[in-house]
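Dear colleague,

Here is the structure I said I would pass on. My notes on what turned up in it follow below.

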Amino acid sequence: MARASMLRTLILLAALAFALVSTALAAPRPRAVMPSDVPLSAAAPDSFLARFKTTKGAFVMKARRPWSPLAVDRLYHLVNSGYFDGLVFYRVGETKSVKGGRVVQFGQSGDTTVNRAWEKATLPDEPVVRAHVRGSVSFARGGPNTRGVEVAIGTTAIAALDTVQYLGVTGFPTIAEVIEGLDVLDRLNGQYGNAPIENDSLSILGGEYLDRVFPGLDRIEHATITKTWGKRPAK
């Protein structure tokens, strides 16, 4: 009797394991969004709301095209295409260009092939027209005309980012502001600071490296455009 009971238990455990594996394999994975998948030359609406559901909750940013038209267009199409879905917050730490600031950064893919493709799809520089406040959103960059897919959100007021001379460029243009969920950004895992992106580890080694060396990083589960205002300008 005991042997039969044990056999039934083993069969049930095996069935459960099979179900779990099947579910994991069937779960949708984030799609690798390449530049060719995005209408790079199309204009965004005059303004829009983008909601980011994360492992710590959701936050919402409002983007305004007059602040930085090319960059706001890029943000709109990246969100709309699902580019950010599944990506990690690989930087929750101090700003490098100025002292006293703290930023949350995301946008590089865990797929190195995708990263290499987007490195060739950068944006021309634009002037800063909106002052940085807590919750200001901008594209990170490493020199002239290098803005692409990496988004940085200031979780402190960093006015110096409006005028700082950094790697041959003046300031970081604000493209949006977080209007809901700043507390979510404050709760993101910041134990690693800037370490996950030092030495270009993500772009060279990919997402598996981050998962192994920096376990517990928070991520974006899904990003979506929830509301738009104004018509898109003619192409």
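Please keep in mind that this is a predicted model. Among contacts between residues at least 6 apart in sequence, 73% join residues at least 24 apart. The chain has six helices and 10 strands, and 48% of its 235 residues are buried.

Phe-84 lies in the loop between helix H2 (69-81) and strand E3 (91-94), while Phe-106 belongs to strand E4 (residues 102-106), so the pair ties together parts 22 residues apart in sequence. Phe-84 is buried at a relative accessible area of 0%, and Phe-106 is buried at 0% as well.

Tyr-192 and Phe-214 also make an edge-to-face pair, at 5.0 Å centre to centre and 70° between the planes. Tyr-192 sits in the loop between helix H4 (182-187) and helix H5 (201-205), and Phe-214 in the loop between helix H6 (207-213) and strand E10 (220-229), 22 residues apart. Phe-214 has a relative accessible area of 10% and is buried.

One aromatic cluster is formed by Phe-52, Phe-59, Tyr-83, Phe-84, Phe-89, Phe-106 and Trp-118.

Two charged side chains sit over rings. Lys-62 lies over the face of Trp-229, 4.3 Å from the ring centre. The charged end of Arg-141 is over the ring of Phe-172, 5.5 Å from its centre.

Regards

Conventions:
Residues are numbered from 1 along each chain as its sequence is written. This is a predicted model: local features need pLDDT of at least 70, side-chain atom pairs count only at pLDDT 80 or more; totals for chains, interfaces and linings use all residues. Side-chain values use heavy atoms; hydrogens and water are left out. Helices (H or I, at least four residues) and strands (E, at least two) are DSSP runs, numbered from the N terminus. Buried means under 20% relative accessible area, exposed over 50%, partly exposed in between (1.4 Å probe, protein chains only). Contact means heavy atoms within 4.5 Å. Rings of Phe, Tyr and Trp (its six-membered ring) pair if their centres lie within 6.5 Å; planes under 30 degrees apart count as stacked, over 60 as edge-to-face and the rest as tilted. A charge sits over a ring if NZ of Lys or CZ of Arg is within 6 Å of the ring centre and within 35 degrees of the ring normal.
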